[in-house]
Amino acid sequence: MSEFNDQLLNFLWQQLDAAWQLFLIAIGGFLSAILFTKIGWRAEFRRLFPSSLRVNLLVYIFDALVVAIPLATLVGVIYSKLNSTGLVAFSKIFDDAPAWLVGIMCLWISDFVGYWRHRFEHSALLWPAHSLHHSDEEMTWFTLFRFHPINRLSTAVIDYGVLFALGFPLWAIGLAGTVRYFYGMFVHINRPWTLGLLGVILVSPAMHRWHHVQAGRGMYSNYASIFSMFDRFFGTLYVPGPCYEKLGVEGIEHDEFRSQMLLPLSVLWTKMQLFRMNIFRSTSKTVDRSNGTH
Ligand SMILES: [Zn+2]
Ligand SMILES: [Zn+2]
């Protein structure tokens with residue numbers, strides 16, 4: 001278990017390191033764009049560092065400092081519990097199968113699980129947390145880091161829980177996580193690419209951009225992260241072409257950090273108040289009725 005936690009923490013640090021390197025690449029790209037193109041440094045700066053970047057950065061820092069370690073510990077506990085209770089379905093089969101096949105299967109199944117988990121995140125229960133990711137009106141690769149801690153919790157528990165329960169080896173789960181991480185950055189980039197024929201199998205930046213639109217059919221489409229085939233198969237695919245529609249969530253300020261982080265709590269509080277009011281109303285109706293009969 002401690003060895004597993006070490007591996008997980010190591011993985012998280014690798015992610016931080018990778019994000020830092022990509023940040024440096026973005027600065028390099030920005031400087032070369034100024035030098036070699038005629039876009040102008042102001043327009044290029046606005047494209048690479050939009051106003052929503054502040055919230056993305058704050059969420060990223062909050063996740064790294066506050067959320068990452070408790071979440072890694074929880075994932076470690078889930079892993080050890082499933083192993084100690086023997087709930088690991090096919091571990092023997094995966095031990096005997098060729099590594100490349102196990103790796104591809106793990107990636108494919110993790111995206112299948114992710115597809116349904118993402119649909120669940122669009123339900124009334126989890127939307128107040130998931131809406132933070134969708135509120136970015138100027139989506140870039142850095143939007144991948146814009147996830148509420150509750151959203152991180154649902155992703156980690158469901159995705160890792162299922163993969164552990166199926167008995168996939170840790171290296172395959174780590175590999176699938178790394179591919180999903182970098183592919184996730186790719187589908188959030190600010191480019192109109194549909195990927196042509198490849199788009200039949202893979203999610204394109206245009207496809208995911210349609211998922212982030214503020215109104216229309218795209219809002220209820222394109223839940224997969226890597227394989228577009230899941231959306232095709234379950235009837236949720238919608239890619240009419242490159243997406244130039246307005247992104248974000250109506251009624252939510254995309255550059256507001258605190259209110260968005262507190263949104264699930266305020267929704268819960270409002271629901272509790274309504275519940276209490278309903279109980280009070282039904283109790284007083286009962287009292288009135290009993291008064292009437294007596
Ligand atoms: Zn979504
Ligand atoms: Zn997204």
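First, some ground rules. This is a predicted model, so local features need pLDDT of at least 70 and side-chain atom pairs count only at pLDDT 80 or more, while totals for chains, interfaces and linings use all residues. Residues are numbered from 1 along each chain as its sequence is written, and chains are lettered from A and ligands numbered from 1 in the order in which they are written.

Let's talk about confidence. The pLDDT is the predictor's confidence in each residue, from 0 to 100. The protein averages 84, and 84% of the residues score at least 70. Over residues 289-294 the pLDDT is below 50, and beyond near neighbours in sequence this stretch has zero contacts in the model; a contact is two residues whose C-beta atoms, placed from the backbone, lie within 7 Å.

Now the helices, which are DSSP runs of H or I with at least four residues, numbered from the N terminus.

How do α3 and α7 pack? Helix α3 (residues 53-84) meets α7 at an angle of about 25 degrees, with the axes 10 Å apart. Axes are lines fitted to C-alpha atoms over the stretch in contact, and angles run from 0 to 180 degrees between N-to-C directions. That makes α3 roughly parallel to α7, a label for angles under 35 degrees. Among the residues making the contact are V67 and L71 of α3, and Y160 and F164 of α7.

Is F168 buried or exposed? Buried, because F168 has 26 C-beta neighbours inside 10 Å; the cut-offs are 20 or more for buried, 12 or fewer for exposed, and partly exposed in between, with C-beta atoms placed from the backbone. Leaving aside neighbours within four places in sequence, F168 contacts F94, C106, L163 and I173.

Finally, the cores. A nonpolar core is a set of buried Ala, Val, Leu, Ile, Met, Phe, Trp, Tyr and Cys residues joined through C-beta atoms within 7 Å. The largest has 16 residues, and V239 is one of those with the most contacts inside it. Helix α9 (residues 205-211) gives the most to this core, with three residues. A second, separate core of 12 residues includes Y160, L163, F164 and I173.

Key:
Helix = DSSP H or I, 4+ residues; strand = E, 2+ residues; numbered from the N terminus. Parallel < 35°, antiparallel > 145°, perpendicular 65-115°, else oblique.
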